[in-house]
Amino acid sequence: MTYLSPYLSRGVISPRFVLNRVLAKGYDPATIEKFIQELTWREYWQQVWIAKGSCIDHDLKHPQHGVQHHELPTAIFEARTGIQAVDEAIAGLYRTGYMHNHLRMYVASIACNIAGSHWRTPAKWLYYHLWDGDWASNALSWQWVAGTNSNKQYRANQENINKYCYTHQTGTFLDVSYERLPQLTCPEVLKEHTDPTLHTPLPEPKPLTLDPNLPTYIYNAYNLDPLWGTDAPANRVLLLEPEHFEAYPISERSVAFLLNLTHNIENLQVFVGSFDTLKTNHALTDIRYKEHPWSRHYTGTETPRAWLFDVHGYYPSFFAYWKRCKKQFNTLATVV
């Protein structure tokens, strides 16, 4: 675990930046292929988001099987499923804004494939609390577990959880063989469910002081790159659009983490409102922004993203995408 994901998700650094630094230390790409794949997964989900847009908010490939409700099991919300590793991970999420990827899959599997939750509300709950929340990675991973973005649902039993979480728990509702998992009925502890209140506490709007003779660089929750455009003077504005955060809310702790990252960008001002309002009220004519699905409604000069590989478009699976990326893999040392 590198714990870089919050800084990757917020655009402070990019997968390409990370890979450049790793290769500069002398690592042979062939010996760190798994690590490069992890970086590529992040970009794969982004490519799906770019290609499918808001369709990733809904069952992408198949209707979810076995849906009983569209809420979150209360036992997950309150970290009392009875699965020790899962409950500790949820408590840790509330405390630190982080959850290991294995635990994210376990929580999703319990919610969707045992308790019968449709994936979207639980996915929004997790995204709300994650400091590294990336809607594409989050939503599409939940869909992968729920079987709406894959050919089968992902399930884990207690033995698997014990193995990867170093626990020794027995006697839980997951303490069965893999063959029996699909036949499990919802245990009593998961039958109560709740619709969590998810509200984004955005900062109070403040007036901006902008120089009309300078370009305006627009930052957002997915782009807080402190090195972007530093070769020339410019207005720098973090745009926080209430409409977006109503659709994809994040917690007070997540907002605080995001705002703390703004200290890395000199003279960055915060604007709470829509892009159109910012542009109109300040008569902005020279706007710069970074390419991202979040900013597709911006207008101005778009800065392309520095992708790991020159592979774009929709691929139905990561491995189909990786197969194309692999053609460039052997020349990584010179490409990057």
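**Helix packing and selected residues**

In this predicted model, helix H3 (residues 33-52) and helix H8 cross at roughly 90 degrees, and their axes come within 8 Å. H3 and H8 are therefore roughly perpendicular to each other. On the H3 side, the residues that meet H8 are Arg42, Trp45, Gln46, Val48 and Trp49, and their partners in H8 are Trp135, Ala136, Ser137, Leu140 and Ser141. Sorted by class, the contact of H3 with H8 comes out at 6 nonpolar, 3 polar and 1 charged residues.

H8 also packs against H7. Here the axes come within 10 Å and cross at roughly 145 degrees, and H7 passes H8 in a right-handed crossing. From H7, the contact takes in Pro122, Ala123, Lys124, Leu126 and Tyr127, while H8 brings Trp135, Asn138 and Trp142. By class, that is 6 nonpolar residues, 1 polar and 1 charged for the contact of H7 with H8. Trp135 turns up here in the contact with H7, and it is also listed among the H8 residues that meet H3.

Next comes the pairing of helix H6 (residues 101-114) with H9. Their axes lie 11 Å apart, and the packing angle is about 160 degrees. That angle makes H6 roughly antiparallel to H9, given that anything over 145 degrees counts as such. The crossing of H6 past H9 is left-handed. His102, Leu103 and Tyr106 are the H6 residues involved, and they meet Asn160, Ile161, Tyr164 and Cys165 of H9. In terms of class, the contact of H6 with H9 has 5 nonpolar and 2 polar residues, with no charged ones.

Leucine 103, which sits in H6, is worth a look of its own. With a relative accessibility of 10%, leucine 103 counts as buried. Neighbours within four places in sequence aside, leucine 103 is in contact with Ala85, Val86, Ala89 and Cys165. Leucine 103 and aspartate 87 are 16 residues apart along the chain, and 9.7 Å separates their C-alpha atoms.

In helix H11 (residues 252-261), the buried residues are Ser254, Val255, Phe257, Leu258 and Leu261. Viewed down the axis of H11, these fall within an arc of 160 degrees, so they line one face of the helix. The elements covering the buried residues of H11 include helix H1 (5-9), helix H7 (120-129) and strand S4 (235-240).

In helix H13 (residues 318-329), Phe318, Tyr321, Trp322, Cys325 and Phe329 are buried. Around the axis they cover an arc of only 95 degrees, which puts them on the same side of H13. Turned away from that buried side is a face that carries the exposed residues Lys323 and Lys327.

Threonine 148 is found in the loop between helix H8 (135-146) and helix H9 (158-165). Its relative accessibility is 0%, so threonine 148 counts as buried. Leaving out neighbours within four places in sequence, the contacts of threonine 148 include the run Asp59, Leu60, Lys61, His62, Pro63 and Gln64. Trp119 and Gln143 are also in contact with threonine 148.

Then there is backbone geometry. Most residues other than glycine have a negative phi. Alanine 79 has a phi near 55 degrees, a positive value in a residue other than glycine. Alanine 79 lies in the loop between helix H4 (74-77) and helix H5 (84-96), and at 22% relative accessibility it counts as partly exposed. Alanine 283 likewise has a positive phi, near 50 degrees. The loop that holds alanine 283 runs between helix H12 (275-281) and strand S6 (287-290). Alanine 283 counts as exposed, because its relative accessibility is 59%.

Note on methods
Residues are numbered from 1 along each chain as its sequence is written. This is a predicted model: local features need pLDDT of at least 70, side-chain atom pairs count only at pLDDT 80 or more; totals for chains, interfaces and linings use all residues. Side-chain values use heavy atoms; hydrogens and water are left out. Helices (H or I, at least four residues) and strands (E, at least two) are DSSP runs, numbered from the N terminus. Buried means under 20% relative accessible area, exposed over 50%, partly exposed in between (1.4 Å probe, protein chains only). Contact means heavy atoms within 4.5 Å. The arc is that of the directions from the helix axis to the C-beta atoms. Axes are lines fitted to C-alpha atoms, for helices over the stretch in contact, and angles run from 0 to 180 degrees between N-to-C directions. Angles under 35 degrees count as roughly parallel, over 145 as roughly antiparallel, 65 to 115 as roughly perpendicular and the rest as oblique. A crossing is left-handed if the near helix is turned anticlockwise from the far one by less than a right angle, and right-handed if clockwise. Ala, Val, Leu, Ile, Met, Phe, Trp, Tyr, Cys and Pro count as nonpolar, Asp, Glu, Lys and Arg as charged, and the others, Gly among them, as polar.
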